[in-house]
Amino acid sequence: MAFSSDLSIVTRDHSVGGSYLGCEPMGLFWSQQPAPGSREGLRLKKQNVETPFVTLVSLLEGHVSPSEGPTTELAATTIERWYMAPGVQRTEIRQDSLVATLFLPPGPGPFPGMLDMWGFGGGLSEYRSVLFASRGYASLSLTYKDHKDLPGPRESMNVGDSYFRSAFQFLRNHHQVCADRVGIIGFSFGVYLSLRIASQTGVNVRLILSSSKTRV
């Protein structure tokens, strides 16, 4: 059996077991699960979006699961999956009290924009924003809790409506952004914040997207 480094076999042959069934070209990636014995609740999140995800794909003898122990490896290949497309610009934003990262697509623009906010777990997650930029959207990933550059205790939220209004206006006023084509995407508590920004802070939001699950 030939083992192609482009994994073209999964575009034509159906899986009959494992973590997904049927013909799924990206099934080996979106159906990944934590290794047996891992802590519950783990998420596969890219921390440094300027480097690729490196995945080792092995072809094993027989039909086995990780819990069955070692088996013979017939072939293996390494695959790199990039989040940041060539030419995308990444800029850390630390001005007007904002703590964020701006991603701009290649070229002069202007581009439609997305303000990107995650849940109450805090921190600054960039992998969704860089995917937006890789597909032609200027995107501002904004943190509002649990970050060393934010004021106050990290375990609490210490910013208010003016903080989020400033973030939206910062993106809207950028010279490479279409001022009348700026939306907001939120995950978990970020969904509430998205609706609050649009309804109570006096900004003109073109689009609101809510996300409960993110597959990357």
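Mentor: Trp 118, Gly 119, Gly 122, Gly 123, Leu 124, Ser 125, Leu 142, Thr 143 and Tyr 144 line the largest cavity. This is a predicted model, in which local features need pLDDT of at least 70 and side-chain atom pairs count only at pLDDT 80 or more, while totals for chains, interfaces and linings use all residues. Residues are numbered from 1 along each chain as its sequence is written, and side-chain values use heavy atoms, with hydrogens and water left out.

Trainee: What is a cavity, and what is a pocket?

Mentor: Rolling a probe the size of a water molecule over the atoms shows where empty space is left. On a 1 Å grid over the protein atoms alone, a cavity is a set of points where a 1.4 Å probe fits but cannot get out. A pocket is an open set with protein on both sides within 12 Å along at least five of seven lines, and lining residues have an atom within 4 Å of a point. Grid points are joined across faces, edges and corners, and a volume is the space filled by probe spheres set on the points.

Trainee: How many cavities of 30 Å³ or more does a search of the whole structure find?

Mentor: The search finds two. The largest cavity has a volume of about 50 Å³. Its lining divides into four nonpolar, five polar and no charged residues. For these classes, Ala, Val, Leu, Ile, Met, Phe, Trp, Tyr, Cys and Pro count as nonpolar, Asp, Glu, Lys and Arg as charged, and the others, Gly among them, as polar.

Trainee: Which residues line the second largest cavity?

Mentor: Its lining includes Tyr 144, Lys 145, Asp 146, His 147, Pro 151 and Asn 158. The space in the second largest cavity is about 40 Å³. By class, its lining has five nonpolar, three polar and three charged residues.

Trainee: Where is Asn 158 found?

Mentor: Asn 158 is in the loop between β6 and α3. Helices (H or I, at least four residues) and strands (E, at least two) are DSSP runs, numbered from the N terminus. Asn 158 touches Tyr 144, Pro 151, Gly 152 and Pro 153, leaving out residues up to four places away in sequence; contact means heavy atoms within 4.5 Å. The C-alpha atoms of Asn 158 and Lys 145 are separated by 7.3 Å, with the two residues 13 apart along the chain.

Trainee: Is Asn 158 buried, exposed or partly exposed, and why?

Mentor: Buried means under 20% relative accessible area, exposed over 50%, and partly exposed in between (1.4 Å probe, protein chains only). Asn 158 counts as partly exposed because its relative accessibility is 34%. Pro 112, in strand β5, counts as buried because its relative accessibility is 13%. Leaving aside neighbours within four places in sequence, Pro 112 is in contact with Gly 136, Tyr 137, Ala 138, Cys 178 and Arg 181.

Trainee: How does burial look along a helix?

Mentor: Take α2, residues 127-134, where six of the eight residues are buried. The buried ones are Tyr 127, Arg 128, Ser 129, Val 130, Phe 132 and Ala 133. After α2 comes Gly 136, whose phi is positive, near 100°.

Trainee: Which residues have the most contacts inside the largest nonpolar core?

Mentor: A nonpolar core is a set of buried Ala, Val, Leu, Ile, Met, Phe, Trp, Tyr and Cys residues joined through side-chain atoms within 4.5 Å. The largest has 28 residues, and those with the most contacts inside it are Leu 115, Met 117, Leu 140, Leu 142, Tyr 163, Phe 164 and Leu 171. Its largest share, six residues, comes from α3. Phe 164 touches Met 117, Leu 142, Tyr 144, Met 157, Val 159, Leu 193 and Ile 197, not counting residues up to four places away in sequence. Apart from this core lies another, of eleven residues, including Tyr 83 and Ala 133.

Trainee: How many helices and strands does the protein have?

Mentor: The protein has four helices and eight strands. Along the sequence they follow the pattern α-β-β-β-β-β-α-β-α-β-α-β. Of the 216 residues in the protein, 38% are buried.
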